[in-house]
Amino acid sequence: MDRDSEVGVYTTVPGEDGQNIRIGTLWFHHRRQASASFAYSEEWFQHPYSYELEPALPLGSGKFHTVPGQAL
């Protein structure tokens, strides 16, 4: 059975009075082999404290994808 799960990714940064800022969205794809996709939110691009979550996910538009079957 093919199905996807969507998760909002949030963080708290200085100067936001404890408010969560949406960094982006992570999708888990459950098919014959598991894979995942991630996209940063526009809100995160505009934030003065924005940073890349890790080197494989540089700040930029568009989705990042794992290779099906790759360890997540």
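The questions and answers below go from the fold to single side chains.

Biologist: What kind of model is this, and what does the chain contain?

Modeller: The model is predicted. The chain holds 1 helix and 4 strands, and along the sequence they follow the pattern β-β-β-α-β.

Biologist: How do you know that S1 and S2 are paired strands?

Modeller: Two strands pair if there are at least two bridges between them. Strand S1 (residues 3-12) and strand S2 (residues 20-30) are joined by 10 bridges and run antiparallel. Aspartate 4 stands opposite histidine 29 in S2, and glycine 8 stands opposite threonine 25 in S2.

Biologist: What makes S2 and S3 a pair?

Modeller: The bridge count again. S2 and strand S3 (residues 34-40) have 7 bridges between them, in the antiparallel sense, and the requirement is at least two. The bridge partner of leucine 26 in S3 is phenylalanine 38, while that of tryptophan 27 is serine 37. S2 and S3 form a hairpin, with 3 residues between them.

Biologist: Why do S3 and S4 count as paired?

Modeller: S3 and S4 are joined by 2 bridges in the antiparallel sense. The rule asks for at least two, so S3 and S4 count as paired. Phenylalanine 38 has phenylalanine 64 as its bridge partner in S4.

Biologist: What is the order of the strands in the sheet, and which are called edge strands?

Modeller: The 4 strands form an open sheet in the order S1-S2-S3-S4, with antiparallel pairing. The edge strands are S1 and strand S4 (64-65), as each pairs on one side only.

Biologist: Why is S3 described as largely enclosed?

Modeller: Of the 7 residues of S3, 6 are buried, so S3 is largely enclosed by the rest of the structure. For the chain, buried residues make up 25% of the 72 residues.

Biologist: Why are phenylalanine 38 and tyrosine 40 called buried?

Modeller: Buried means under 20% relative accessible area. Phenylalanine 38 has 6% relative accessibility, so it counts as buried. Tyrosine 40 has 7%, so it is buried too.

Biologist: What makes phenylalanine 38 and tyrosine 40 an edge-to-face pair?

Modeller: Ring centres must lie within 6.5 Å, and planes over 60 degrees apart count as edge-to-face. Phenylalanine 38 and tyrosine 40 are 5.0 Å apart centre to centre, with 90° between the planes.

Biologist: Which residues make up the largest nonpolar core?

Modeller: The largest nonpolar core has 7 residues: Val13, Ile21, Ile23, Phe38, Tyr40, Trp44 and Leu57. S2 and S3 are the elements that give two or more residues to this core.

Biologist: Why is proline 58 called partly exposed, and where does it lie?

Modeller: Proline 58 lies in the loop between H1 and S4. Its relative accessibility is 36%, which falls between 20% and 50%, so it counts as partly exposed. Leaving aside residues up to four places away in sequence, proline 58 touches Tyr40, Glu52 and Phe64. Proline 58 and tyrosine 40 are 18 residues apart in sequence and 9.4 Å apart in space, C-alpha to C-alpha.

Biologist: Is histidine 47 buried or exposed, and how do you know?

Modeller: Histidine 47 has a relative accessible area of 10%, which is under 20%, so it is buried. This residue, histidine 47, lies in the loop between helix H1 (42-46) and S4. Its side chain reaches the backbone nitrogen of tyrosine 49 at 3.0 Å, inside the 3.5 Å limit for a polar contact.

Methods: Residues are numbered from 1 along each chain as its sequence is written. This is a predicted model: local features need pLDDT of at least 70, side-chain atom pairs count only at pLDDT 80 or more; totals for chains, interfaces and linings use all residues. Side-chain values use heavy atoms; hydrogens and water are left out. Buried means under 20% relative accessible area, exposed over 50%, partly exposed in between (1.4 Å probe, protein chains only). A nonpolar core is a set of buried Ala, Val, Leu, Ile, Met, Phe, Trp, Tyr and Cys residues joined through side-chain atoms within 4.5 Å. A polar contact is a pair of N or O atoms within 3.5 Å; within protein, one must be able to donate a hydrogen and the other to accept it, and residues adjacent in sequence count only if both atoms are side-chain atoms. Contact means heavy atoms within 4.5 Å. Rings of Phe, Tyr and Trp (its six-membered ring) pair if their centres lie within 6.5 Å; planes under 30 degrees apart count as stacked, over 60 as edge-to-face and the rest as tilted.
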